[in-house]
Amino acid sequence: MNTPCFSYDMAILNETLHQLNDASSKRNYKVHYAVKANYNPQILDAIMLNGLGADCVSGREIAWALEAGFNSDKVVFAGVGKSDEEIAYAISNDIAMIHCEGLQEAITVNEIAKSQGKIVNIALRLNPNVNANTHAKITTGLSENKFGFSVIELNKLILMKDQLTNLNIQGLHFHIGSQIRDLNIFKSLCEKVNDYIRFFELNFNTLSYLNLGGGLGVNYDNPDAELIPDFEAYFATFEANLLEKNIEVHFELGRSVVAQCGKLYTKVLYVKESETKKFAVIDAGMTELLRPALYDAYHHIDFNGIAFKSDVQKYDVVGPICESSDCLGKDVQLPELRRGDILVIRSCGAYGESMSLNYNGRIKQAAVYC
Ligand SMILES: *Cc1c(COP(=O)(O)O)cnc(C)c1O
């Protein structure tokens, strides 16, 4: 195998989708896959065939979803900085819903819809100020975050909503952050959402669309103990805590769908020592897996081969990129390593390959699917 190389276990992905569908469909919840987590055509294809919709954050993601065969009426579009071209593209393809994140954006969507002679469905992304208790760089639902309508702009929208004749303001959208493992956080979200629904119905119409975003976390510490996230407990939390029972409820899951099906295979180039540390210099780095450098994320690292417990050492597993933050694991316990040994970085299916970079002249290898 050429390394570094992403490998995807399609059986795990399909079983994950199966369990996700079981847990969502019995509550009549609709799930859109967050394309940004992994947009490889083979992955999108499996997800489309399992009946999910697509949650896109750019015009190109919408194009990829449509090319993969997702029906436009199952495609939704979020993002804090949608360009005029992206909005026009979304409207001309009649996607299901645009999630608007601010007043100027709503006005722009209305103008572009008018120019195309269409009425566009939108949902308002609100910032519920719920602390997702996750890494600061993947928290999105606090008022200090850039996402969603603020109360000031929401009130301005209420005053001018009758002038926005090409918008059909159908509902609300929330997404508070990612890698959320404590389901009580989703319970707090529901409590806020219950209030916002009343507020929406007082000031707009009857709410016909509610999208609660994604964010369900996965077990990075011990992936084999939990290859498939507990979707049943996740959806049960919403079922138990949402007061309004007669609205269409949507979710947008990314990480929890694809993280555990992906692994990154990498080769040990060199083993070296400093006065205080042993380093394993590998041929994958932050250019293949940015999460440790960007979010201090932990990924489990396995030795690929027969290991003898007696030889266990601690290594900082570092990549070849000219940045000190290019470290994929600190003090990782591994058997004594030699040049050419293969390591397997686990839980890389989400925000691994999709975040990969060309920095330092890095070239992307084709992934393998098994
Ligand atoms: C990234 C994103 C998601 C998916 O988040 P996960 O944590 O991967 O489930 C859902 N909704 C929006 C708006 C997003 O930006």
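This is a predicted model: local features need pLDDT of at least 70, side-chain atom pairs count only at pLDDT 80 or more; totals for chains, interfaces and linings use all residues.
The secondary structure of the protein chain amounts to ten helices and 16 strands. Its radius of gyration is 22 Å, close to the 21 Å that the globule rule gives for 370 residues, so the chain is as compact as a globular protein of that length. The C-alpha trace spans about 70 × 40 × 40 Å along the principal axes. Of the 370 residues, 55% count as buried. Among the contacts in the chain with a separation of 6 or more, 72% are between residues 24 or more positions apart. The chain exposes about 16,500 Å², and carbon and sulfur atoms supply 48% of this area.

The chain is divided into domain 1, covering residues 10-259, and domain 2, covering residues 262-348. Taken over C-alpha atoms, the centres of domain 1 and domain 2 are separated by 35 Å. Across the two domains, twelve residues of domain 1 are in contact with eleven residues of domain 2.

A search of the whole structure for aromatic pairs finds 14. In one of them, the rings of Phe 174 and Tyr 196 have centres 5.7 Å apart and planes at 45°; this angle lies between the limits of 30 and 60 degrees, so the pair is classed as tilted. The pair links distant parts of the chain, with Phe 174 in the loop between β7 (167-173) and α7 (183-203) and Tyr 196 in helix α7, 22 residues apart. Phe 174 has a relative accessible area of 0%, and therefore counts as buried. Another pair, formed by Phe 238 and Phe 251, is edge-to-face, with 4.9 Å from centre to centre and 70° between the planes. This pair also links distant parts of the chain: Phe 238 belongs to helix α8 (residues 231-241) and Phe 251 to strand β9 (residues 248-253), 13 residues apart. Both Phe 238 and Phe 251 are buried. Phe 238 and Phe 251 are also members of a cluster, linked by ring pairs, that includes Tyr 29, Phe 186, Tyr 234 and Phe 235. An aromatic ring is also involved in a contact with a charged residue: Lys 82 lies over the face of Phe 77, at 5.5 Å from the ring centre.

Helix α3 (residues 59-67) has Gly 59, Glu 61, Ile 62, Ala 63 and Ala 65 as its buried residues. These buried residues pack against strands β3 (53-56) and β4 (75-77) and against helix α4 (84-92). After α3 comes Gly 69, which has a positive phi, near 105°.

Most residues other than glycine have a negative phi, and most peptide bonds are trans. The peptide bond from Thr 3 to Pro 4 is cis, with omega near -5°, and Pro 4 is placed in the segment before β1 (5-8). Asn 28, a residue other than glycine, has a positive phi near 65°. Asn 28 is placed in the loop between α1 (10-25) and β2 (30-34). Its relative accessibility of 54% is over the 50% limit, so Asn 28 counts as exposed. Gln 179 likewise has a positive phi, about 55°, although it is not a glycine. Gln 179 is found in the loop between β7 and α7. At 17% relative accessibility, which is under the 20% limit, Gln 179 counts as buried.

Pro 320 lies in the loop between β13 (313-318) and β14 (327-334). With a relative accessibility of 33%, Pro 320 counts as partly exposed. Neighbours within four places in sequence aside, Pro 320 is in contact with Ile 282, Asp 283, Ala 284, Gly 285, Asp 326, Asn 360 and Arg 362. The C-alpha atoms of Pro 320 and Lys 272, which are 48 residues apart along the chain, are separated by 13 Å.

How values were computed: Residues are numbered from 1 along each chain as its sequence is written. Side-chain values use heavy atoms; hydrogens and water are left out. Rings of Phe, Tyr and Trp (its six-membered ring) pair if their centres lie within 6.5 Å; planes under 30 degrees apart count as stacked, over 60 as edge-to-face and the rest as tilted. Helices (H or I, at least four residues) and strands (E, at least two) are DSSP runs, numbered from the N terminus. Buried means under 20% relative accessible area, exposed over 50%, partly exposed in between (1.4 Å probe, protein chains only). A charge sits over a ring if NZ of Lys or CZ of Arg is within 6 Å of the ring centre and within 35 degrees of the ring normal. The radius of gyration is taken over C-alpha atoms; the globule rule is 2.2 Å times the number of residues to the power 0.38. Contact means heavy atoms within 4.5 Å. Accessible areas come from the Shrake-Rupley method with a 1.4 Å probe; for residues, only the protein chains shown count as cover. Domain bounds come from an automatic or database domain assignment.
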